Amino acid sequence: MLNDLPSQAEDKILALMAQFRADPRDDKIDLGVGVYRNAHGHTPIMRAVKSAETILLETQETKSYVALAGDPAFTRAMADLVLGDVVAQNRIAAAATPGGTGAVRLAFDLVRMANPDARVFVPGPTWPNHLSILDYLGMPTVTYRYFDSTTCEVDVAGLLEDMGDLRAGDAVLLHGCCHNPTGANLALTDWQAVIDIITTKGALPIIDIAYQGFGDGLDDDAAATRLVASSCPETLIAASCSKNFGIYRERTGLLMAVSNDASSCDLAQGNLAYLNRQTYSFPPDHGARLVTMILEDETLRADWQAELANMRAGMLSLRQQLASELRTLSNSDRFDFLAGHRGMFSRLGASPEQVARMREDHGIYMVGDSRINIAGLNTDTVPVLARAMIDAGV
Ligand code: PMP
């Protein structure tokens, strides 16, 4: 019977990583994988996470199950981190999930259960896993224009025009900040226009926020999510702790369903627990507990925020260095968008042939759509990338 299974396409980024490992060149540069790296190419365990783990090792007395929707203290801490005080806690139903991916999956499942005919509007492009999960669930998708490959900025007019096709009962997927894979983001005033369309049409916003703290700061990066959640009657928010707490393999995420009233909040809560139960029963707890401890403890939280601020500043300064190198080399400002993009990624706007040339001639590895991981660079490799881009004719 197992012979009858369909064969699955290989993950493009994992295939690229394998190709990188097999490259014998000493000066090769990996800008492919979506994981934060420091200047030494290392993905460190954050100090506050280490401290919380040490405390947990000493103090935790049981590993018994927690609750189907996870620990309510984790929900409270994360709701506060993501939403601040813009939404009353009693309007928030939530479930802890294995990573942000688990939260995204749960969000789509919930939409499908509430409205089997829902279409999901997705940005063009989006994180490829969004599309493959939707495809797996058999949910129809509509791509709205997002990235303008000429300017490497958001095509706001195209986006608003395409959202005009929304119908009541559809869902709209939005990246809360630090858009993956492009790095291009809507300004807060554009978000207001998006909210106006969504509410007029009676659609449901789903916000995927996987990089809070990687763009302009914890509050700035959450501003759009807060605006949506406080303006729309209902909002789904899938939050990931993988990047901002650096706990990728602990699989820590949360889906929040901001509801219109207490009775729909109860219904959503029951369905979130039900969906967790059908999928994996209890969600993982270790990462969620560390996050809760850090957010609830003044000293740990301050240390975490300081380290996160340092990581963010490093990525911003690499962006500025790259834009400035390219300004000199190209004698133009056409790469200034790199300094304006936010988060770990930027799409360079290079063709697949140019991407291949940079890989073959310079040992620089990036995803085929020309997405680079800014955190894969350091001050020494930025000029190498800039030169390679110009050589490849980008
Ligand atoms: N959404 C987006 C846009 C992402 O880039 C990622 C991480 N690649 C995730 C969700 C989920 O990440 P994780 O499951 O590792 O928390």
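The C-alpha centres of domain 1 and domain 2 lie 28 Å apart. Domain 1 covers residues 11-44 and 313-391, and domain 2 covers residues 65-296; these bounds come from an automatic or database domain assignment. The model is predicted, so local features need pLDDT of at least 70 and side-chain atom pairs count only at pLDDT 80 or more, while totals for chains, interfaces and linings use all residues. Residues are numbered from 1 along each chain as its sequence is written, and side-chain values use heavy atoms, with hydrogens and water left out.

The contact (heavy atoms within 4.5 Å) takes 18 residues from domain 1 and 18 residues from domain 2. Between them, the two domains bury about 1,400 Å², of which 60% is on carbon and sulfur atoms. Buried area is the accessible area, found with a 1.4 Å probe, that two parts lose on being put together, summed over both. In domain 1, the residues that lose the most area to domain 2 are Arg342, Phe345 and Arg347, together 38% of what that side buries.

Arginine 342 also takes part in a salt bridge with aspartate 216, and their closest N and O atoms are 2.7 Å apart. A salt bridge here is a side-chain nitrogen of Lys or Arg within 4 Å of a carboxyl oxygen of Asp or Glu. Across the interface of domain 1 and domain 2, the rule finds 1 salt bridge.

On the side of domain 1 that touches domain 2, helix H11 (298-330) and strand S11 (345-347) each supply at least two residues. S11 gives the most to this side, with 3 residues. Such helices (H or I, at least four residues) and strands (E, at least two) are DSSP runs, numbered from the N terminus.
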